[in-house]
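Subject: Structure handover

Hello,

Here is the structure we talked about, with the sequence alongside. My notes on the ligand site and on the helix packing follow below.

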Amino acid sequence: MEDSDSLWSPWASRFYWLGVAVVAFWVFLLLRYVRYIFRLWIIGNPGAVGPHLGAWAVVTGATSGIGKAYAEELAKRGMKVVLISRSQEKLDRVAIEIWAKYKVETKTIAADFKDPETIYSNIEAGLEGLEIGVLVNNVGIAYSYPERFLDVPELDKLIDNMININCLSVCKMTHLVLPGMVKRSKGVIVNMSSITAINRCPFLAVYSATKAFINFFSLCLSIEYKEKGIIVQSLAPELVFTKMVNLPNPNLFRPTPERYVKYAINTVGLEYETAGYPLHELSFWFYRLMPRWVTEKILTRVMLYAKSYLLKKQKEN
Ligand SMILES: NC(=O)c1ccc[n+]([C@@H]2O[C@H](COP(=O)([O-])OP(=O)(O)OC[C@H]3O[C@@H](n4cnc5c(N)ncnc54)[C@H](OP(=O)(O)O)[C@@H]3O)[C@@H](O)[C@H]2O)c1
């Protein structure tokens, strides 16, 4: 008995300490994750975005949805806002709303990002002399319903428009605004990507690819300009309740744009790439951790379901 005890006890003790080390490692990871969640979603970084970066903020696609919510949140924080969108009438309406609620100055620039040849010199003239601390590259269009590439209606037009509006606008607006930020060694650029940039999203191939472009552009730029004092953030939300999404009601998983922006804006300076909303962050990590064949299966089903739902809805209207 004594012999076998003396034979096994060194091994037992080694396994015991190995077990303790493994458990300690997992507890450490868990605590670190809890701290991360607490810091990102509960405390946040509310002081990161505001007039200390520069008096003006610029928001593209500012007349509805996420862009409008950003414009309002920035105005609420005391920033003057340049609103850019297609329709002057809608721009005027939003400018009046912002003045009525927050009493901050706004400037409007009507520009259709479908037409890159003509708009950027006008935008440049409109922004001249402004001390711009924040740029939100939000403008974007999506498919009216998920569809296989060759079956997308007016495919040629969709390709041109989507690349001009979703991708080119981000690079061109950054080109216009970044030099001033670099000169003043401060500034924040927020680029609206999408969860479809993290996954390969079938039946939304062009949209998904434009969002992946934005995500990569943002992440590369954030490394290049970190040392110059500029923060570049890529936001990759799932569904937010806007006219683009065209679904009945907001809920916990599909927040209103105001609720989404309330969370997203407080992640600036803490995360360069985030879903921007706690419950969307779960899918963000889920899709990253799942084997690719699982996400492909899930997304194919979801997209085909969305296609039949949206086509049925279109027929009804
Ligand atoms: N909603 C979501 O679930 C979701 C999820 C992931 C990513 N995103 C991204 O978030 C961004 C905003 O989406 P959203 O849902 O808030 O969209 P939205 O409600 O449809 O608003 C889009 C905004 O962009 C403007 N716009 C559209 N086409 C334009 C053009 N050619 N030139 C100038 N302005 C134009 C619209 O102005 P008009 O009033 O003139 O049309 C509007 O102000 C997009 O980049 C989108 O891809 C959205």
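How far is an oxygen atom of the ligand from an N or O atom in the side chain of Lys211? The separation is 2.9 Å. Please keep in mind that this is a predicted model.

The ligand site

There are 32 residues around the ligand, and those that come nearest are Thr63, Arg86, Tyr207, Val240 and Thr242. Ser85 places a polar side-chain atom 3.2 Å from an oxygen atom of the ligand.

Helix 5 and helix 7

Lys211 and Tyr207 turn up again in the packing of two helices, where both belong to the helix 7 side of the contact with helix 5. Two packed helices are described by the angle between their axes and the distance between the axes. For helix 5 (residues 155-184) and helix 7 (residues 205-226), the axes come within 9 Å and cross at roughly 15 degrees. The two helices are therefore roughly parallel to each other, and their crossing is right-handed. Helix 5 contributes Leu158, Met162, Ile163, Asn166, Cys167, Val170, Cys171, Thr174, Leu178 and Val182, while the residues from helix 7 include Val206, Thr210, Phe213, Ile214, Phe217, Leu221 and Tyr225. Sorted by class, this contact has 15 nonpolar residues, three polar and one charged.

Helix 2 and its two partners

Helix 2 (residues 65-76) packs with helix 8 (residues 257-264); the axes come within 8 Å and cross at roughly 55 degrees. An angle under 35 degrees would count as roughly parallel and one of 65 to 115 as roughly perpendicular, so helix 2 and helix 8 are oblique to each other. Their crossing is right-handed. On the helix 2 side the contact uses Gly65, Ile66, Ala69, Tyr70 and Glu73, and on the helix 8 side Pro257, Glu258, Tyr260, Val261 and Ala264. Seven of these residues are nonpolar, one is polar and two are charged.

With helix 3 (residues 88-102), the axis of helix 2 comes within 10 Å and the crossing angle is roughly 30 degrees. That makes the two helices roughly parallel. This crossing is right-handed. Lys68, Ala71, Glu72, Ala75 and Lys76 of helix 2 meet Val94, Glu97, Ile98, Lys101 and Tyr102 of helix 3. The contact divides into five nonpolar and five charged residues, with no polar ones.

Regards

Notes: Residues numbered from 1 in each chain as written. Predicted model: local features only at pLDDT ≥ 70, side-chain atom pairs only at ≥ 80, totals over all residues. Heavy atoms only, no water. Axes fitted to C-alpha atoms, helices over the stretch in contact; angles between N-to-C directions. Helix = DSSP H or I, 4+ residues; strand = E, 2+ residues; numbered from the N terminus. Parallel < 35°, antiparallel > 145°, perpendicular 65-115°, else oblique. Left-handed = near helix turned anticlockwise from the far one by under 90°. Contact = heavy atoms within 4.5 Å. Nonpolar A, V, L, I, M, F, W, Y, C, P; charged D, E, K, R; others polar. Near = heavy atom within 4 Å. Polar contact = N/O pair within 3.5 Å; in protein donor to acceptor, adjacent residues only side chain to side chain.
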